[in-house]
Amino acid sequence: MKIGLIRCVVLLVGAILSLHAFSGEDVYQKKCASCHESYIPMKKLMKNFVKHKNRLLKLKAPTLNQLSYRLKQQIGDSSGDEDMHRMEVEAFIFDYLNHPNKQKTVCLHDVIQYFPVMPSMKGKISEEEVEAVSNYIYDFDKNMVEQKSVKYESFSVALKKVIKSNKIIMIEAVSKHCHFCKKMEREVMIDEGVVSVLKKDFVAVTVDISKNPLPMGLTAELTPTFFFINKDKNILRHIVGARNTEDFLQILKEVKMSQKGENYGKH
């Protein structure tokens, strides 16, 4: 009898807590979405702000993917403990929402100059809501990259796939704190055109060389470095450094041509 009563109490408490639980996405939709659009590709954002001075998209405020990336880069220590970093980002967001000030912004001047100072949300958003939406924002950029970018395989799986399909393996050597790796990840490897070409003609592999060795005895002194390999494990091309979308698409085209016998040399 007592066990049954305790179980009922536990379930009741859980139900009450769940009623008061906040979804970060729900808080964003109710409190933030009217001004902050969620996701716009970086290439389109750069075109909007740099070339068109926000006249192309006419945004009211920075997008969620911009805020997510900049907050993690500018607030606290992103290389340390993640839970502590989340708390640092949450504390900044709470302070900024209650006491907005352009001097405290994490956004680039080329972006923030087109927006007025947001109105204070003091008394309009609770600490629990701030905690929920802060976690949602913290994870947003990473989640969008994972959802929209090229899909990566292990080298062993990639090798099996190219033997069957006659595609080309693209091995991308990266490292954890590589700025240009992140730039490629957020601006190029997420581009719809790049993703489409890679899906059609390539099998992508990524290796964090600070944690794991490259396959086939390959080495990379700088990151990012790209190796393009055919089903016979012959290196078709070796590219060092980041590229913009147009240049990377051209490289993919040339690698595909080299598989057919054309030799374009190395960059």
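The second largest pocket of this predicted model is lined by 31 residues, and His36, Ala61, Tyr96, Leu97 and Met118 lie nearest its centre. A pocket here is an open set of points on a 1 Å grid over the protein atoms alone, with protein on both sides within 12 Å along at least five of seven lines; a 1.4 Å probe that fits but cannot get out marks a cavity instead, and lining residues have an atom within 4 Å of a point. Helix 2 (24-32), helix 4, helix 5 and helix 7 each give two or more residues to this lining, with the largest share, 4 residues, coming from helix 5. Helices (H or I, at least four residues) and strands (E, at least two) are DSSP runs, numbered from the N terminus. The volume of the second largest pocket is about 690 Å³, where a volume is the space filled by probe spheres set on the points, and grid points are joined across faces, edges and corners. Its lining divides into 23 nonpolar, 4 polar and 4 charged residues. In this scheme Ala, Val, Leu, Ile, Met, Phe, Trp, Tyr, Cys and Pro count as nonpolar, Asp, Glu, Lys and Arg as charged, and the others, Gly among them, as polar.

The largest pocket has a volume of about 1,200 Å³. Its lining has 33 residues, and those nearest the centre are Lys72, Lys142, Lys176, Lys182 and Glu185. Two or more lining residues come from each of helix 4 (64-74), helix 5 (82-98), helix 7 (127-148), strand 1 (168-174), helix 9 (179-187) and strand 2 (202-208). Helix 7 gives the largest share, 6 residues. By class, this lining has 14 charged, 10 polar and 9 nonpolar residues.

Attention now turns to helix 8. In this helix (residues 155-165), Phe155, Ala158, Leu159 and Val162 are buried. Buried means under 20% relative accessible area, exposed over 50%, and partly exposed in between (1.4 Å probe, protein chains only). These four residues cover an arc of only 100° around the axis, so they sit on the same side of helix 8; the arc is that of the directions from the helix axis to the C-beta atoms. Lys160 and Lys164 are exposed on the face of helix 8 turned away from its buried side. Strand 1 and strand 2 are among the elements that cover the buried residues, with contact taken as heavy atoms within 4.5 Å.

Those two strands pair in the parallel sense over 7 bridges; pairing requires that DSSP finds at least two bridges between two strands. Ile169 has Val203 of strand 2 as its bridge partner. Because 6 of its 7 residues are buried, strand 2 is largely enclosed by the rest of the structure.

Some backbone details complete the picture. Most residues other than glycine have a negative phi, and most peptide bonds are trans. Lys53, in the loop between helix 3 (42-51) and helix 4, has a positive phi near 50°. The peptide bond from Thr223 to Pro224 is cis, with omega near -5°.

Residues are numbered from 1 along each chain as its sequence is written. In this predicted model, local features need pLDDT of at least 70 and side-chain atom pairs count only at pLDDT 80 or more, while totals for chains, interfaces and linings use all residues, and side-chain values use heavy atoms, with hydrogens and water left out.
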